[in-house]
Amino acid sequence: MARAPVGTVNPGARTGVRIVVAGDRSTGKSSLIVTAAAENFPVNVPPLLPPTRLPEDFYPDRVPITIIDTSSRPEDNGKVADELKRADAVVLTYACDQPQTLDRLSTFWLPKLRQLEVKVPVIVVGCKLDLRDENQQVSLEQVMSPIMQQFREIETCIECSALKHIQIPEVFYYAQKAVLHPTGPLFDQESQTLKPRCVRALKRIFILCDHDRDGALSDAELNDFQVKCFNAPLQPSEIVGVKRVVQEKIPEGVNERGLTLTGFLFLHALFIEKGRLETTWTVLRKFGYNNDIKLADELIPAPSKRTPDQSVELTNEAIEFLKGIFEAYDSDLDGALRPRELEEVFSTAPECPFSEALYKDAAEANAFGGLSLDGFLSKWALMTLLDPTFSMENLIYIGYSGDISSSIRVTRKRRLDRKKQQSERNVFQCFVFGPKMAGKSAIIDSFLGRPFSDTYNPTTEDRYAVNVVDQPGGTKKTLVLREIPEDGVGKLLSSKESLAACDVAVFVHDSSDESSWKRATELLVEVAGHGEDTGYEVPCLIVAAKDDRDSFPLAIQHSTRVSQDMGVEAPIQISTKLGDFNHVFRKIITAAEQPHLSIPETEAGRTRKQYHRLINRSLMFVSVGAAVAIVGLAAYRVYAARKNTSG
């Protein structure tokens, strides 16, 4: 398998590789470069060479190389740093006859690269091999092993002699190879195993090539794979040879149906151990992976252009696909995906996206951490709302085979929803505002089916929660609650479009605390004013939490006045402690479905509207007056014309 003809490897579509050579003075940097390019040892070498180009046919990958020499003068340190930052790979030199220059790699050069945040492959090169003291013969492995343990960025170590033409071309071949076919993303040198992300990508490729889904690659499937990746078929004897190699090392790598996933992974580990990284990289790149072992950006279409007040949802086609995935991976048929089963769902993705902090605890889970179908679909709805491209990418990873752009849809503008007095969305986003200790987090927890706790844990960052809400009539809608910490309101409203994505805003206060009520109404006025100023007005609801406590004096009068003055409904009384939620989540959905109602009006907004009405009325009078004047002028002209004619 993987007999790649020269020139067929696609090295990440690179047009060139920039290699910077650095090291102490007199370690052989310039001689190394000149000898590699001219294939002759130079008699006189200038202190600093201009950029040197090796043509594309110099090495089999057919990618041109530009080699940058660096100065050893202290006054040029800034220029050297700039060149190192622009490098695709760094060659660090030491002189084999000067042990102190080798020590300087670990005490100066390698720490310097880290300080400059140069995160590219490093090739360590011992120059002047011909000058080394024969009495001090030590193996390169013995010398470099401790340094390589400390500095994992070192890809390869090699010794050479420009004078004797020993291993000069190999230096830049290894440097180019480290860029085009890096070891780091694929293989863990310490454990000598494939890295998890590499295993996940190869597993996905295996499944895509296993056309009959029998868990093994038959001879025909192996041959199709070989032709796709390397443009050359395998001979029957070669297929037999490949399977024999696998079976001798790991019997479970081959069965009566063909090469198993275990065998497929073993082969790639074998290629890498033998230094044939280009084989695995060719396979990965043929299936669209980049150097981070993620699908290349160009394979994932950007969602259609949308305005800030449009959102993105999964289509019915994508939802049906996800329902099928849920059923396929619910191996114990308990109606929930446990963490182990969920990990298996995403075993062909770089990581499980639901492990990210944003999504990890955002949906309701059972006592074993399992997600119901509603919980599973809710997390997908949240991911699609917040990052539709990421959602599409993960759909591809787990096997969505349809046109990926058909998996999402862009909703109608919210302004248009208000004009039409209805919303067709299936996923609604509600911003939850309120002062500290008002009970916001308790509402979020109860929304996710979590028990009430008296312990106060202040929320310091925006927090998301998502769940399905059953509506009267049997319909289901997905509700996303976004808790905004009190200290984060100013930052949120500093953006003109901050309320554009909001379907409903909820203002929570502690019904037993008058200062909590005052702060909640201040936030209501602040948010409503921002909506009036920007044109992104949103329906607002007031929630009086902790209804199990006695209300503060005059609470009813205050709330009635605010409701009447601002044109919003009376506060919704709830008690998370007693489990009395007064259908608050249904009421939030109802407010979102009727986006023209419950929009508060501030004093400033009312004054502005009165002013506009006055201006419009004045303009109407002016336009009527102007029309009368124009008609009068026209009549006069007709009269004057007739008079002249009769005269």
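I began with a term: a residue is buried under 20% relative accessible area, exposed over 50%, and partly exposed in between, with a 1.4 Å probe and protein chains only. I also noted that helices (H or I, at least four residues) and strands (E, at least two) are DSSP runs, numbered from the N terminus.

This is a predicted model, where local features need pLDDT of at least 70, side-chain atom pairs count only at pLDDT 80 or more, and totals for chains, interfaces and linings use all residues. Residues are numbered from 1 along each chain as its sequence is written, and side-chain values use heavy atoms, with hydrogens and water left out.

**Entry: helix 14**

I looked up which residues of helix 14 are buried. They are Gly375, Phe376, Leu377, Ser378, Lys379, Trp380, Ala381, Leu382, Met383, Thr384 and Leu385. That is 11 of the 14 residues, so helix 14 is largely enclosed by the rest of the structure.

I then checked the span of helix 14. The expected span of a helix is 1.5 Å times one less than its number of residues. For the 14 residues of helix 14 that gives 20 Å, and its end C-alpha atoms are 20 Å apart, which agrees.

**Entry: aromatic pairs**

Next came the rings. Rings of Phe, Tyr and Trp (its six-membered ring) pair if their centres lie within 6.5 Å; planes under 30 degrees apart count as stacked, over 60 as edge-to-face and the rest as tilted. By this rule I have 17 aromatic pairs.

One of them joins phenylalanine 354 and phenylalanine 376, edge-to-face, at 6.4 Å centre to centre with 80 degrees between the planes. Phenylalanine 354 lies in the loop between helix 12 (339-345) and helix 13 (357-360), and phenylalanine 376 in helix 14 (residues 373-386), so the pair ties together parts that are 22 residues apart in sequence. Both phenylalanine 354 and phenylalanine 376 are buried.

Why did I note phenylalanine 433 and phenylalanine 507 as stacked? Their ring centres are 5.2 Å apart and their planes are at 10 degrees, so the pair is stacked. Phenylalanine 433 lies in strand 14 (residues 427-433) and phenylalanine 507 in strand 17 (residues 504-510), so this pair ties together parts that are 74 residues apart in sequence. Phenylalanine 433 is buried at a relative accessible area of 0%, and phenylalanine 507 is buried at 1%.

I also found one aromatic cluster, formed by Phe326, Phe346, Phe354, Phe376 and Trp380.

**Entry: charges over rings**

A charge sits over a ring if NZ of Lys or CZ of Arg is within 6 Å of the ring centre and within 35 degrees of the ring normal. The charged end of arginine 338 sits over the ring of phenylalanine 368, 4.4 Å from its centre. Arginine 482 has its charged end over the ring of phenylalanine 431, 4.9 Å from the centre.

A reminder to myself: strands of a sheet pair through backbone hydrogen bonds, either parallel or antiparallel. Here two strands pair if DSSP finds at least two bridges between them.

Strand 14 is mostly covered, with 7 of its 7 residues buried. Val427, Gln429, Phe431 and Phe433 point one way from strand 14, while Phe428, Cys430 and Val432 point the other way.

Strand 14 runs parallel to strand 16 (residues 476-483), joined by 6 bridges, and glutamine 429 has valine 480 as its bridge partner there. Strand 14 also pairs with strand 17 in the parallel sense, over 4 bridges, with phenylalanine 431 opposite alanine 505.

**Entry: strand 18**

How many residues of strand 18 (residues 540-545) are buried? I counted 6 of its 6. Cys540, Ile542 and Ala544 point one way, and Leu541, Val543 and Ala545 the other.

Strand 17 and strand 18 pair in the parallel sense over 6 bridges, and alanine 505 stands opposite cysteine 540. Strand 17, helix 19 (residues 514-534) and strand 18 make a right-handed β-α-β unit. A crossover is right-handed if, with the strands pointing away from the viewer, the path from the first strand over the helix to the second runs clockwise.

Strand 18 pairs with strand 19 (residues 572-573) in the parallel sense over 2 bridges, and valine 543 has isoleucine 572 as its bridge partner. The chain crosses from strand 18 through helix 20 (residues 555-566) to strand 19, and this β-α-β crossover is right-handed.
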